[in-house]
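Subject: Structure handover

Hello,

Please find the structure below. My notes on it follow.

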Amino acid sequence: MFETCTARLALFYMSCGMRLYVSGGNSGIGKETAVALALRGARVIIACRDEEKARKAVKEIKARSHSMNVLHMEVDLANMRSIREFCKTFLQKEKRLDILINNAGVPSVLDWTDDNFSMCFGVNHLGHFLLTNLLLLRLKESSPSRVLNLTCSSYKYQKLDFKDLNYNLFPFFTYCRSKLANIYFTQELARMMEGKGVTAYAIHPGYVQSSWTCHYSILYRIFAQVVMFMFFISCEAGAQAVVYCAVSDEVLPHSGGYFADCRPAPLRAFARDSGVAKKLWEASERLVKLA
Ligand SMILES: NC(=O)c1ccc[n+]([C@@H]2O[C@H](COP(=O)([O-])OP(=O)(O)OC[C@H]3O[C@@H](n4cnc5c(N)ncnc54)[C@H](OP(=O)(O)O)[C@@H]3O)[C@@H](O)[C@H]2O)c1
């Protein structure tokens, strides 16, 4: 996969002055994406919840990309107030937003956000849903612009239950549902933005040796590290899929689509249901008090 993506990416550079925002850019796939896009000349803003980790990451991204145009802003996606404050500051400070990368995510954990949403659904879907909506005007003003949502091929193991969107029973299933929500969100966003110069893509980056195991007990962590070492790709390789959707014009006809391995990939029929996508959008609007 790394070779395929790298070959396809070799020709693409960003025009100077492109501005992009990456959530969760302090580690894993997000950090590698930030490095790759800063190298291509973009102004990169990583949004993180931990000031110290963010500073360290900015220093590293600057050093590796030889770009000084990298900064961080604070946001906790598990807290709706923090997201609203972040967006207010962002809109005051940044006059352009060309690419929004909704990368941050929590793996299979059973926990609750500050607003009493299940952690996976709250951070992975609702947090990014609210943030994207609050920045949508800036994306439209900066068109052509793109929204990239990191999802996972494990979306296929679950369906959404509208009677219990906050499902928080089996950790892996909560994660799968949140990643399915990312796909529906991408489809509905693309539909709503048709003709408005904003396109959206859902990306499965592959199975990646990132830092998601830090959420688990020491025993599980050791087991997972061994599995990751044997079967998973590096963060740099995982980021290629994201960078491809950020910079390649080949993706433009596929707005709303699901990408894996740097190409449009088929989805299970239930994940292509536009009625469900619309219903989730409306439910999410109510939950984050947007409407
Ligand atoms: N790794 C894989 O195999 C894989 C496979 C498919 C899809 N994905 C998706 O790829 C994306 C990136 O994951 P990764 O593997 O790079 O994981 P990672 O290394 O654990 O990075 C996750 C990032 O999200 C941030 N984050 C978590 N909760 C947050 C919150 N409440 N507010 C703000 N930031 C928050 C983390 O910040 P902290 O450092 O502060 O925790 C971290 O920067 C995720 O959406 C994941 O679902 C990953």
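Which residues in α5 meet which residues in α9? Phe121, His125, Leu126, Phe129 and Asn133 are on the α5 side, and they meet Leu280, Trp281, Ser284, Glu285 and Leu287 in α9. Contact here means heavy atoms within 4.5 Å. Helices (H or I, at least four residues) and strands (E, at least two) are DSSP runs, numbered from the N terminus.

Before the rest, the conditions. This is a predicted model, in which local features need pLDDT of at least 70 and side-chain atom pairs count only at pLDDT 80 or more, while totals for chains, interfaces and linings use all residues. Residues are numbered from 1 along each chain as its sequence is written, and side-chain values use heavy atoms, with hydrogens and water left out.

The α5/α9 pair

Helix α5 covers residues 119–141 and helix α9 residues 274–287; their axes come within 10 Å and cross at roughly 85°. Axes are lines fitted to C-alpha atoms, for helices over the stretch in contact, with angles from 0 to 180 degrees between N-to-C directions. The two helices are therefore roughly perpendicular to each other (65 to 115 degrees; under 35 is roughly parallel, over 145 roughly antiparallel, the rest oblique). By class, the contact of α5 with α9 has six nonpolar, three polar and one charged residues. Ala, Val, Leu, Ile, Met, Phe, Trp, Tyr, Cys and Pro count as nonpolar, Asp, Glu, Lys and Arg as charged, and the others, Gly among them, as polar.

Helix α9 itself

With 14 residues, α9 reaches 20 Å from its first C-alpha to its last, close to the 20 Å expected at 1.5 Å a residue (the expected span is 1.5 Å times one less than the number of residues). Its buried residues are Val276, Ala277, Leu280, Trp281, Ala283 and Ser284, where buried means under 20% relative accessible area, exposed over 50% and partly exposed in between (1.4 Å probe, protein chains only). What covers them includes α5 and α6. At the N-terminal end, Asp273 caps α9, with a side-chain oxygen 2.9 Å from the backbone nitrogen of Gly275. Just after α9, Lys289 takes a positive phi of about 60°.

Lys179 lies in helix α6, residues 171–192, and is buried at a relative accessible area of 4%. Leaving aside residues up to four places away in sequence, Lys179 touches Asn124, Leu150, Thr151, Cys152 and Tyr155. Its side chain makes a polar contact of 3.1 Å with that of Asn182. A polar contact is a pair of N or O atoms within 3.5 Å; within protein, one must be able to donate a hydrogen and the other to accept it, and residues adjacent in sequence count only if both atoms are side-chain atoms.

Thr174 is also placed in α6 and is buried, with a relative accessible area of 4%. Among the residues that Thr174 touches are Val109, Leu110 and Cys120.

Two loop residues

Gly25 sits in the loop between β1 (19–23) and α2 (28–39), buried at 0% relative accessible area.

Asn79 is in the loop between β3 (70–74) and α4 (80–93) and counts as buried at 16% relative accessibility. The side chains of Asn79 and Asp114 are joined by a polar contact of 2.9 Å.

Regards
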